[in-house]
Amino acid sequence: MADIKIRESVLILDFGSQYGQLIARRVRELNVFCQIVRNDISAKRIKELNPKGIILSGGPASVYEDGAPKCDPEIFKLGIPVLGICYGMQLACKSLGTDVKRAPSREFGKAICNTKSSDGMFKNIPSEITVWMSHGDQVDQNTQDFIPLASTETCPMAAAKHKTLPVYGLQFHPEVSHTPQGTEILKNFLHEICGCEGLWKIGSFLDETIINLRKTIGNHRVICGLSGGVDSSVVAALLVKAIGKQVACIFVDNGLLRQGESDMVRKTFRDNFNADLHVVDASDRFLTALDGITDPQQKRKIIGHVFIDVFKDEAKHIKDAKFLAQGTLYPDVIESGGTVDGPAATIKTHHNVGGLPAELGFDLVEPLKDLFKDEVRRLGLELGLPEGTVWRHPFPGPGLAVRCIGAINKTRLEILRQADTVLLEELKKSGWYKKTSQAFTVLLPVQTVGVMGDGRTYENVIAVRAVETDDFMTADWSHLPYELLATISTRIINQVKGVNRVVYDISSKPPATIEWE
């Protein structure tokens, strides 16, 4: 865990909420540093970390069930303000002697909430607000220990405060956009109750990180795997600013990149940042290894293995390198169980450069490991990266290989690359690029009949995919205007040789995934 003693901070105890990371993002947006920690973290450890406040997240369990996750009850005696949200409120109340029971009727969705207090948690909040509820249990209204602060038609204790301890609870979810005043309520908890000043700024993070990088790296060299994506670009720019020519950036052109990708990386890092950039054209090596391969998992494995081999070969030319830098973000750390105090459950194993630290024997440098994606983008702008780089849509590690369904060859990749370029150009021209979270084209392994001029054609199909999402765990398809879709389709069919049909993917995640392979 990062050394957060030097900053004002808040700890979020994770009880399995689907909104846990969203709570953290809302707190960070209010310029207060926070970290998600395991629900059973000890009161002694919390005291060592010295947070200004504690938030207990929601969760899917019922507090009275056997095996329901709990927290150390001693945390309520530390004098540190505690805010319980949904399950977190029920747990706090039960831990302090108040009953929690099955609600007369389950409350799910939007509800009208009437506040009973105009100070503290509800300072400057209207007396009637819309909130988002998602609960089947609720705190007993006959409690002698908690004071009701708000209510809905079916939930008398929609918000409450302990009579003597700085313990607060919200039965609704302030972190979701469906609670319009939710951010202001969280701000009141952080500022009015916890006494936070809002010191967490990207500028101060940048200054502090540069100092720490110089101290950690010393006079050694660092290798940075540069993909051209947002995360690796920000890491590279940050390292160049911190240690200059001590960092060597390796960019592997695998022949599976978007149009102009290699030139863009050269211009950004060699011309603008004067970085020590090593560009390796290994496209033939990758395409030879992928020849005849159609299974998507095989594609990924082959690309991963070849990438490691190419990277290792180039790394040999960089003398005295001790560190390898990669763009691990805070959600990666949370989901991989990558911190001592973090959530216990490992959701996934994260890796950004295919296990290279173990392969090459380097020490790992992960300067973005405390940041969410939106914070990384702000840091990129602070470092002077072009907006086009900072706001680029995510691009899969295997590149166009997982968007070229079926066999891969130079001809099919060029068709896909040109179609993708048309899509992105039209999205940017229309103002829809920033409204979508990710957009791309897919080349299907089928051909269809068409008519061009007076002749019959039998050519390829391009699928267009555009989604909107906050966290990429779920996503909805973007409702692009019909006129825009028509323009995209017409341009692709007219300008990309070998395509006579364009379709639009209107699947959401779940049940579909965002990428096709």
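**Sheet, helices and one loop serine**

Author: Helix 1 (residues 20–29) lies across strand 1 (9–14), strand 2, strand 3 (53–56) and strand 4 (82–85). Helix 1 runs at about 160° to strand 2. Helices (H or I, at least four residues) and strands (E, at least two) are DSSP runs, numbered from the N terminus. Axes are lines fitted to C-alpha atoms, for helices over the stretch in contact (heavy atoms within 4.5 Å); angles run from 0 to 180 degrees between N-to-C directions.

This is a predicted model: local features need pLDDT of at least 70, side-chain atom pairs count only at 80 or more, and totals for chains, interfaces and linings use all residues. Residues are numbered from 1 along each chain as its sequence is written, and side-chain values use heavy atoms, without hydrogens and water.

Nine strands form an open sheet, ordered 2-1-3-4-9-8-7-5-6, with mixed pairing (at least two DSSP bridges between two strands). Strand 2 (33–38) and strand 6 sit at the edges, each pairing on one side only. Strand 8 (residues 159–162) pairs antiparallel with strand 9 (residues 167–170) over three bridges. Lysine 161 has tyrosine 168 in strand 9 as its bridge partner.

Helix 3 (residues 87–95) lies across strands 3, 4, 5, 6, 7 (146–151), 8 and 9. Helix 3 runs at about 55° to strand 6.

Last, the loop. Serine 117 lies between strand 5 (100–115) and strand 6 (128–139). Serine 117 counts as buried because its relative accessibility is 17% (buried: under 20%, 1.4 Å probe, protein chains only). Serine 117 touches Phe122 and Leu149, leaving aside residues up to four places away in sequence.

How values were computed: Buried means under 20% relative accessible area, exposed over 50%, partly exposed in between (1.4 Å probe, protein chains only).
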